[in-house]
Amino acid sequence: MPHPIDLTPLLGTYRREGVIVTVSRDDDGAPHMRYEFVDDMADLSPPLEMTLEPVTETVFTASGAGPSFSEDYMPVVFSTLTNGTQVCYVGMRATLKVA
C-alpha cells in the first residue's frame, strides 16, 4: 500500500485568467479539486468537481468531471517556480497559487 500523501502544502486557491482552481479535502478527507470558470469565461460551464488521486507527492489524476473536462483522467501536477511561487498544472496549463 502506498504511503499517505501530505496534502497540506498543496491545499489552497490557484488562479489564472478565466479560471480558479481550489484544492481541498472532501468530507472523507480525500483530495478534491474544484475547477471554476470566472470573469469572461464565467458562463462557459458550471464549476467542475473532481476527485484527485495521488500518483506521487505532487502528481495526481483528476476524475469525475465527465466529458466537459476529460472523459477519463486529467493530469494535475503541483510545482514551485524558481521564484517560490506555487503552481498547479491542470492539463498542463499553469495556475498560480494565490491563497
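Predicted model: local features only at pLDDT ≥ 70, side-chain atom pairs only at ≥ 80, totals over all residues.
How many bridges pair strand β3 with β4, and in which sense do the two run? That was my way into this one.

**Entry 1: the strands around β4**

I looked up β3 first, which covers residues 31–37. It pairs with β4 in the antiparallel sense, over four bridges. I wanted an actual residue pair to click on, and I found methionine 33, whose bridge partner in β4 is methionine 50.

Then I checked the next pairing along. β4 and β5 also go together in the antiparallel sense, over four bridges. Here I picked threonine 51, which stands opposite serine 63 in β5. I followed the chain from β4 to β5 and saw that a hairpin of four residues joins them.

**Entry 2: the whole barrel**

Next I stepped back to see what these strands belong to. They're part of a closed barrel of eight strands, in the order β1-β2-β3-β4-β5-β6-β7-β8, with antiparallel pairing. On average, neighbouring strands in this sheet are turned by 30 degrees against each other, if I ignore direction.

Strand β6 (residues 74–80) and strand β7 (residues 86–90) pair in the antiparallel sense over five bridges. Valine 77 is the residue I marked there, and it stands opposite tyrosine 89 in β7.

**Entry 3: valine 55**

Where does valine 55 sit? I found it in the loop between β4 (48–54) and β5 (59–63).

Skipping its neighbours within four places in sequence, it's in contact with Phe60 and Thr61.

**Entry 4: arginine 16**

Last stop: arginine 16, in strand β1 (residues 12–16). This one is buried, yet it has no salt bridge. Which side chain of opposite charge is nearest, then? That's glutamate 17, 8.8 Å away, while a salt bridge needs the charged atoms within 4 Å.

What does the side chain of arginine 16 make a polar contact with? I traced it to the side chain of tyrosine 35, at 2.7 Å. Tyr35 turns up again in the contact list of arginine 16, together with Arg93, Ala94 and Thr95, once neighbours within four places in sequence are left aside.

Methods:
Residues numbered from 1 in each chain as written. Heavy atoms only, no water. Contact = heavy atoms within 4.5 Å. Pairing = 2+ DSSP bridges. Axes fitted to C-alpha atoms, helices over the stretch in contact; angles between N-to-C directions. Buried < 20%, exposed > 50% of the residue type's maximum accessible area, 1.4 Å probe, protein only. Lys, Arg positive; Asp, Glu negative; His and termini not counted. Polar contact = N/O pair within 3.5 Å; in protein donor to acceptor, adjacent residues only side chain to side chain.
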